[in-house]
Amino acid sequence: MRLAAVGATAISLSACALLSSPDPVQTYRFGGVSGQAATLVADPILVSMRRAEMPAASEGDKLLGVTGTETAYIGGARWISPASDLFTASLENAFASQATRVRLIGPRELARSTRSLDIDVRSFETRYPAPEAVPTIVVSARVRLLTLPERQVKVERIFTVEQPATANRVGAIVEAYDLATRDLNTQIVAWTEANAA
């Protein structure tokens, strides 16, 4: 009889554990859809671009925080998709709305490109000067323009944007990510147009 009571208690406790709801998590995005498409020249340079590579700690759906040598993910917040996917989509949108001499081509297009854009994101993080301080978003990427079909590096550059958040709140941090990414993307588009010819 006593074993039955203990068993019933164990089952009810495990049921409570299964039914308890996790802490709420808000999802965010950055680099949303741009406005009107840019008007391309009559014969634009066709450039292919593969998905952006990111450090393992930043490429998923968590927002990485860094204070000195310590790292942690920001609680209660996630990207709506992996950060590497959002970053790639935001750069594609920037080309579509800003580039006039270069057209990115997708993997399913039959057109052949003569250039390839290789993006290696080195930093994509929330940096705190001290615990609980207002952070700065740091986005850094090494960008290489390759000639095809040889895949030789024509030119490369490292871009870095530091965007202070307005407060140590998730909404302000996400806004700073959006601004930093847009700034970086604008620089990459202009650099690619200047060097693709």
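## Ser48 and its surroundings

Apart from neighbours within four places in sequence, Ser48 is in contact with Ile105, Ser113, Arg115, Ser116, Leu117 and Leu148, contact meaning heavy atoms within 4.5 Å. The model is a predicted one, in which local features need pLDDT of at least 70 and side-chain atom pairs count only at pLDDT 80 or more, whereas totals for chains, interfaces and linings use all residues. Residues are numbered from 1 along each chain as its sequence is written, and side-chain values use heavy atoms, with hydrogens and water left out.

Ser48 belongs to strand β2. Helices (H or I, at least four residues) and strands (E, at least two) are DSSP runs numbered from the N terminus. Ser48 counts as buried because its relative accessible area is 19%; buried means under 20%, exposed over 50% and partly exposed in between, with a 1.4 Å probe and protein chains only. Although Ser48 and Leu104 are 56 residues apart in sequence, their C-alpha atoms are 5.5 Å apart in space.

## The nonpolar core

The largest nonpolar core has 41 residues, of which Trp79, Phe87, Phe95, Leu117, Ile119 and Phe124 touch the most other members. Such a core is a set of buried Ala, Val, Leu, Ile, Met, Phe, Trp, Tyr and Cys residues joined through side-chain atoms within 4.5 Å. At least two residues of this core come from each of β2 (45-49), β4 (70-79), α3, β5 (102-105), β6 (115-128), β7 (136-147), β8 (152-164) and α4. Helix α4 supplies the largest share, 9 residues.

Beyond four places in sequence, the contacts of Phe124 include Phe30, Met54, Trp79, Phe87, Tyr177 and Thr181.

## Packing of α3 against α4

The axes of helix α3 (residues 83-98) and helix α4 (residues 170-195) come within 9 Å and cross at roughly 55°. At this angle α3 is therefore oblique to α4; angles under 35 degrees count as roughly parallel, over 145 as roughly antiparallel, 65 to 115 as roughly perpendicular and the rest as oblique. Axes are lines fitted to C-alpha atoms, for helices over the stretch in contact, and angles run from 0 to 180 degrees between N-to-C directions.

The contact involves Phe87, Ser90, Leu91, Ala94, Phe95 and Gln98 of α3, together with Thr181, Leu184, Asn185, Thr186, Ile188, Val189, Thr192 and Glu193 of α4.

## Thr192

Thr192 is part of helix α4. Its relative accessibility is 0%, so Thr192 counts as buried. Residues up to four places away in sequence aside, Thr192 touches Phe95, Val102, Leu117 and Leu145.
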